[in-house]
Amino acid sequence: MSETRIVSGNFAAAYGAKLSRVEVVAAYPITPQTEVVEKIAELVADGEMDAEYIKVESEHSAMAACIAASNTGARAYTASSAHGLALMHEMLMWAAGARLPVVMTNINRAMGPPWSVWADHHDTLAQKGTGQMQFFCENNQEVLDSVIMAFKICEDEEIMLPAMVVEDAFILSHTKEPVEIYDQELVDDFLPPYDPDYKIDVDQPLGFGSLGMPDWYMDFRYKKAQAFEKTPEKIQEVNKEFKEVFGRDPGGLIEEYKTDGVDVLIVTMGSISSTSKDVIDELRDEGHNVGLARLRTFRPFPVEQFREITKGVNVVGVLDRNYTFGHGGDAAREIKDALYGHRDLILKDYIVGLGGRDLTPKILKKVMLDAISLQDKGLDKEIEWVDLRADRKKWRG
Amino acid sequence: MSEEEDIFRIVKDPKDHTDLPRTEITDCPSHLMNKTGSWRTLRPIVDKEKCIECGICWKFCPDVSIEVKEGEGAVVDYDFCKGCGICAKECPVDAIDMEKEADYV
Ligand code: SF4
Ligand code: SF4
């Protein structure tokens, strides 16, 4: 029987891994991810979870162990955060290049310095080029759902790629919410055992990860690129199936909230989305024609979907909980990329909530009102940092 | 065997990406065929009289290129030995000498 428990985002991730019947977990602890792997260690020690739990000396080794396990045909899982994820960088690329469906949870946390343990998407987005799919979750239920879904998407024979399911530090990782923990049989029907055609087997030896000479390297990469291009369709397909089986829609590539015929579209990612939806309701009650798009997958980036939902839109206000030096907010940049040559509209990038800075409904409303005001006054600046101490009056007054 | 044939033995004669496996997967034992001992500039020479067959060199060789056989002592596989000298360094009775490879070719 499925049961609803009050659990943190971290426990939701651990239960997602348990329900997915992962066979190998290799991890190194880091705040705020520690609870994920602590919970898994406990479940394994108590015999509730039938998995090999490998303690390793670093995050780089954690992903290396998952890669090796996946190569033997085992379902492998790990979790990390921020600096741990950065240390894993090389192996994230390897998992993708080797076409191994390792799934991990990353707790979005700011990169130092200044040293911080709070919510920020820069750690995850800095890995956007590694070949991992990236699922940004809005709540704890979605964390559990996305881990199960990710394995199904990743292990599809046309895909065979790794994925990161990500949740915001503390706001989700350490906050408890009701989460439905599904019946194991239901999950087993949805997610069959992992059984790749090629794997490490002493009786049928194969070599993995050989040298690719210049004559062939590009062709291999092209083949991998083609697999990645199939991910948007596959995610939507699995999302549909998930909805049919579990009665819940995790959101596919992009979740649209009251976007029909809007003049102003607000874009969010992760946990600020639910607060933002409340603010959208308030603004609509006040007569503003505004809606929200929650970007759920940053990789693959929903290019087609953005072109579709911005039809007839005058202003797009993007709330980026991340900032890359010399580049700006990642979501705004990618949306501009997607819309180039397709839409003539105003797009403003709001840098918000870095390093866990609180985003209250009041601040979010000011941001959205600023976006709405651009319809009349035009674009004032391309990028604006919100709620800096120097101009708090503007955002909090 | 050329490098290219070695990589693609799992699919015979690939023409382009459509023939390739999803990633670089090769028929084993590809590395047994691609003999890499030619990189060596020093050659370990085992003195059978001194060798006590303790197996330490076998344990330390990073390239799995030593076998210790009863009655024969340590036997080096020169098709793969890289001449790193770790075995000579670790041998407790100094039964292994590193000599110039050039003297042997
Ligand atoms: S020289 Fe190095 S590679 Fe060769 S047998 Fe000794 S330890 Fe192995
Ligand atoms: S370490 Fe020395 S003594 Fe021991 S087996 Fe090797 S060569 Fe012989």
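The model is predicted: local features need pLDDT of at least 70 and side-chain atom pairs count only at pLDDT 80 or more, while totals for chains, interfaces and linings use all residues. Residues are numbered from 1 along each chain as its sequence is written, chains are lettered from A and ligands numbered from 1 in the order in which they are written, and side-chain values use heavy atoms, with hydrogens and water left out. Helices (H or I, at least four residues) and strands (E, at least two) are DSSP runs numbered from the N terminus, and two strands pair if DSSP finds at least two bridges between them.

**Six-strand sheet of chain A**

- An open sheet of 6 strands in chain A has the order β10-β12-β11-β14-β15-β16, with mixed pairing.
- Its edges are β10 (254-257) and β16 (383-385) of chain A; each has a single partner strand, so one side of each has no neighbour in the sheet.
- Neighbouring strands of this sheet are turned by 20° against each other on average, direction ignored; axes are lines fitted to C-alpha atoms, for helices over the stretch in contact, and angles run from 0 to 180 degrees between N-to-C directions.
- β10(A) and β12 (290-295) of chain A run antiparallel and are joined by 4 bridges; I254(A) has L295(A) as its bridge partner in β12(A).
- Helix α12 (330-339) of chain A lies across β11 (264-268), β12, β14 (315-320) and β15 (346-351) of chain A, at about 145° to β14(A).

**Seven-strand sheet of chain A**

- A further open sheet in chain A has 7 strands in the order β3-β2-β4-β5-β7-β6-β13, and its pairing is mixed.
- β3 (52-55) and β13 (297-299) of chain A are at the edges with a single partner strand each, so one side of each is left without a neighbour in the sheet.
- From one strand to the next, the twist averages 20°.
- 6 bridges link β5 (103-108) of chain A with β7 (163-168) of chain A, and the two run parallel; E167(A) in β7(A) is the bridge partner of I107(A).

**Interface of chains A and B**

- Contact (heavy atoms within 4.5 Å) involves 19 residues of chain B and 24 residues of chain A.
- The two chains bury about 2100 Å² between them, 61% of it on carbon and sulfur atoms; buried area is the accessible area (1.4 Å probe) that two parts lose on being put together, summed over both.
- H17(B), R22(B) and E24(B) lose the most area in chain B, together 38% of what that side buries.
- Between the chains, 8 residue pairs are in polar contact, both residues at pLDDT 80 or more; this is a pair of N or O atoms within 3.5 Å, where within protein one must be able to donate a hydrogen and the other to accept it, and residues adjacent in sequence count only if both atoms are side-chain atoms.
- In chain B, α1 (3-7) and β1 (25-27) are the elements that give two or more residues to the side touching chain A.
- β9 (206-208) of chain A and β1(B) run antiparallel, joined by 3 bridges, and L206(A) stands opposite D27(B).

**Salt bridges**

- The count over all chains is 38 salt bridges, each a side-chain nitrogen of Lys or Arg within 4 Å of a carboxyl oxygen of Asp or Glu.
- K128(A) and D330(A) form one, with their closest N and O atoms 3.1 Å apart.
- K128(A) lies in the loop between α5 (122-125) and β6 (133-136) of chain A and D330(A) in helix α12 of chain A, so the pair ties together parts 202 residues apart in sequence.
- The interface of chain B and chain A has 2 salt bridges; D197(A) and R22(B) meet in a salt bridge at 2.8 Å, N to O.
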